[in-house]
Amino acid sequence: MKLQPHALTYIAENLGKRSPPPLRWLCVLAHHPSAVVREGVVYGLAPHACDPVVRGVLIGMSMFDGNRQVRNAANEALE
């Protein structure tokens, strides 16, 4: 069964509610072809932005993601 992007977005956001977040899964989803899913990853990671590994992922997304909305969301998460 292949999950639709909106379902993966919801999953990514909710994975971030775990402490610590499952970074392995969120990092995999951070490279998903759908910008909606990648934005969900940003929202999932945002509460953990003080963690150095999470911060590194967010910095990478803020600089290199191909979608402006994802880059903007990552920049906001870093503030």
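Predicted model: local features only at pLDDT ≥ 70, side-chain atom pairs only at ≥ 80, totals over all residues.
**Entry 1: contacts along the chain**

Along its principal axes, the C-alpha trace spans about 35 × 30 × 15 Å. I also looked up burial for the chain, and found that 41% of its 79 residues count as buried.

**Entry 2: the nonpolar core**

Which residues have the most contacts inside the largest nonpolar core? I found that this core has 20 residues, and that Leu-26, Leu-29, Val-41, Val-42, Leu-45, Leu-58 and Met-61 are those with the most contacts inside it. I listed the elements that give two or more residues to this core as α1 (5-15), α2 (23-29), α3 (35-45), α4 (52-64) and α5 (68-78). The element that gives the most is α5, with 5 residues. I set beside this a general remark, that in soluble globular proteins nonpolar side chains tend to be buried together.

Is Ala-12 buried or exposed? Its relative accessibility is 0%, and because buried means under 20%, I counted Ala-12 as buried. Leaving aside neighbours within four places in sequence, Ala-12 is in contact with Leu-26, Leu-29, Val-37, Gly-40, Val-41 and Gly-44. I also looked up the separation of Ala-12 and Ala-30, which are 18 residues apart along the chain and whose C-alpha atoms are separated by 9.1 Å.

**Entry 3: helix α3 and Arg-38**

I looked up α3 next and found that this helix is mostly covered, since 8 of its 11 residues are buried. The buried residues of α3 are Val-37, Arg-38, Glu-39, Gly-40, Val-41, Val-42, Gly-44 and Leu-45. Against which helices do they pack? I found that the buried residues of α3 pack against α1, α2, α4 and α5.

I gave Arg-38, which is found in helix α3, a closer look. At 11% relative accessibility, Arg-38 counts as buried. Leaving aside neighbours within four places in sequence, I found Arg-38 in contact with Leu-29, Ala-30, His-32, Pro-33, Met-61, Asp-65, Asn-67 and Val-70.

**Entry 4: Ser-62 in helix α4**

Ser-62 lies in helix α4, and I found that Ser-62 is buried, with a relative accessible area of 11%. Where does a polar atom of the side chain of Ser-62 lie 2.8 Å from a backbone oxygen? I found that this backbone oxygen belongs to Ile-59. Not counting residues up to four places away in sequence, Ser-62 touches Arg-71, Ala-74, Asn-75 and Leu-78.

Arg-68 and Ala-35 are 33 residues apart in sequence, and their C-alpha atoms are 9.3 Å apart in space. Glu-79 lies in the segment after α5, and at 80% relative accessibility Glu-79 counts as exposed. For Glu-79 and Gly-56, which are 23 residues apart in sequence, I noted 13 Å from C-alpha to C-alpha.

**Entry 5: rings and a cis peptide bond**

I searched for aromatic pairs, and the count comes to 0. I did find that Arg-24 lies over the face of Trp-25, at 6.0 Å from the ring centre. Last, I looked up the peptide bond that joins Ser-19 and Pro-20, which is cis, with omega about -5 degrees. Pro-20 is found in the loop between α1 and α2.

How values were computed
Residues numbered from 1 in each chain as written. Heavy atoms only, no water. Core = buried A, V, L, I, M, F, W, Y, C linked by side-chain atoms within 4.5 Å. Buried < 20%, exposed > 50% of the residue type's maximum accessible area, 1.4 Å probe, protein only. Helix = DSSP H or I, 4+ residues; strand = E, 2+ residues; numbered from the N terminus. Polar contact = N/O pair within 3.5 Å; in protein donor to acceptor, adjacent residues only side chain to side chain. Contact = heavy atoms within 4.5 Å. Phe/Tyr/Trp six-rings, centres within 6.5 Å; stacked < 30°, edge-to-face > 60°. Lys NZ or Arg CZ within 6 Å of the ring centre and 35° of its normal.
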